[in-house]
Amino acid sequence: MKDLIENLPKMAAVKQTENKKYFSKLRKKPPKDLDYIMQELHDETFANTDCLECANCCKTTGPLFTNADIERISKFMKMKPQQFIDQYLRVDEDNDYVLQQVPCTFLGHDNFCMIYEVRPKACREYPHTDRKKFHQIANLTLKNVAICPAAYRIVEEMKKRIPK
């Protein structure tokens, strides 16, 4: 797994031009059953994926924190929301709350999340490969294939099932 994670950015870079063209065509004319196919690919891939072996998303990127996330997590941590914000978050260039640093503060050495039960919505939904209207998040998906081995596999399988 370590080798795969180390090579993933290179593998994604090799496929970047191909993937951009593919997603451009997909956005223009998405198949009617795209979301159904993506849900199927997502389920198949994650049935054989142990995120605890990887946790590359937690090690290299940080999620956006919604106000609801902040409320829920601060309550779980027995903190006031403002204390949580001050201790763990910063406001980014898009005016969103994000972690002050990566890897994620809440990631344990064993790749377990210390706030898993109340983790942010962005973490629960990552890598977003089963999202409705999937064709609308092409740019996000292109980023995620360089971070998440499962997202990379899903996109490669998607290109086989839905040729463009």
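Two strands count as paired if DSSP finds at least two bridges between them. Helices (H or I, at least four residues) and strands (E, at least two) are themselves DSSP runs, numbered from the N terminus. The model described here is predicted, so local features need pLDDT of at least 70, side-chain atom pairs count only at pLDDT 80 or more, and totals for chains, interfaces and linings use all residues. Residues are numbered from 1 along each chain as its sequence is written, and side-chain values use heavy atoms, with hydrogens and water left out.

## The sheet

Three strands make up an open sheet with antiparallel pairing, in the order S1-S3-S2. Strand S1 (64-65) and strand S2 (89-91) are at the edges with a single partner strand each, so one side of each has no neighbour in the sheet. Strands of a sheet pair through backbone hydrogen bonds, and the pairing can be parallel or antiparallel. S1 and strand S3 (residues 97-99) run antiparallel and are joined by two bridges. Leu64 has Val98 in S3 opposite to it.

## The chain as a whole

The protein chain contains eight helices and three strands. Their order along the sequence is α-α-α-β-α-α-β-β-α-α-α. The radius of gyration, 17 Å, is close to the 15 Å that the globule rule gives for 164 residues, so the protein chain is as compact as a globular protein of that length. This radius is taken over C-alpha atoms, and the globule rule is 2.2 Å times the number of residues to the power 0.38. Taken along the principal axes, the C-alpha atoms fill a box of roughly 50 × 35 × 30 Å.

Burial is judged by relative accessible area: buried means under 20%, exposed over 50%, and partly exposed in between (1.4 Å probe, protein chains only). Of the 164 residues, 38% count as buried. The protein chain exposes about 10,100 Å², and carbon and sulfur atoms supply 53% of that area. Accessible areas come from the Shrake-Rupley method with a 1.4 Å probe; for residues, only the protein chains shown count as cover.

A contact means heavy atoms within 4.5 Å. Among the contacts with a separation of 6 or more, 69% are between residues 24 or more positions apart.

There are 28 positive and 23 negative side chains, and the centres of the two sets are 6 Å apart. Lys and Arg count as positive and Asp and Glu as negative, while His and the chain ends are not counted. The place of a charge is NZ of Lys, CZ of Arg, CG of Asp or CD of Glu.

Cys57 belongs to helix H3 (residues 56-60). With a relative accessible area of 23%, Cys57 is partly exposed. Not counting residues up to four places away in sequence, Cys57 touches Tyr126 and Ile147. Pro127 is 70 residues from Cys57 in sequence, and their C-alpha atoms are 8.6 Å apart in space.

Val145 lies in the loop between helix H7 (138-144) and helix H8 (149-161). Val145 counts as buried, at 3% relative accessibility. Its contacts, leaving aside neighbours within four places in sequence, are Leu8, Ala12, Asn19, Ala151, Tyr152 and Val155. Between Val145 and Lys160, 15 residues apart along the chain, the C-alpha atoms are separated by 16 Å.

## Backbone details in the loops

| Cis peptide bond | Omega |
|---|---|
| Val102 to Pro103 | about 0 degrees |
| Tyr126 to Pro127 | near 5 degrees |

Pro103 is in the loop between S3 and helix H6 (121-125), and Pro127 is in the loop between H6 and H7.

Lys78 is not a glycine, yet has a positive phi of about 55 degrees. Lys78 sits in the loop between helix H4 (67-76) and helix H5 (81-88), and counts as exposed at 75% relative accessibility. Lys133, also a residue other than glycine, has a positive phi near 55 degrees. Lys133 is in the loop between H6 and H7 and is partly exposed, with a relative accessible area of 49%.

Glu93 is part of the loop between S2 and S3. Glu93 is exposed, with a relative accessible area of 70%. The C-alpha atoms of Glu93 and Tyr36 are separated by 35 Å, and the two residues are 57 residues apart along the chain.
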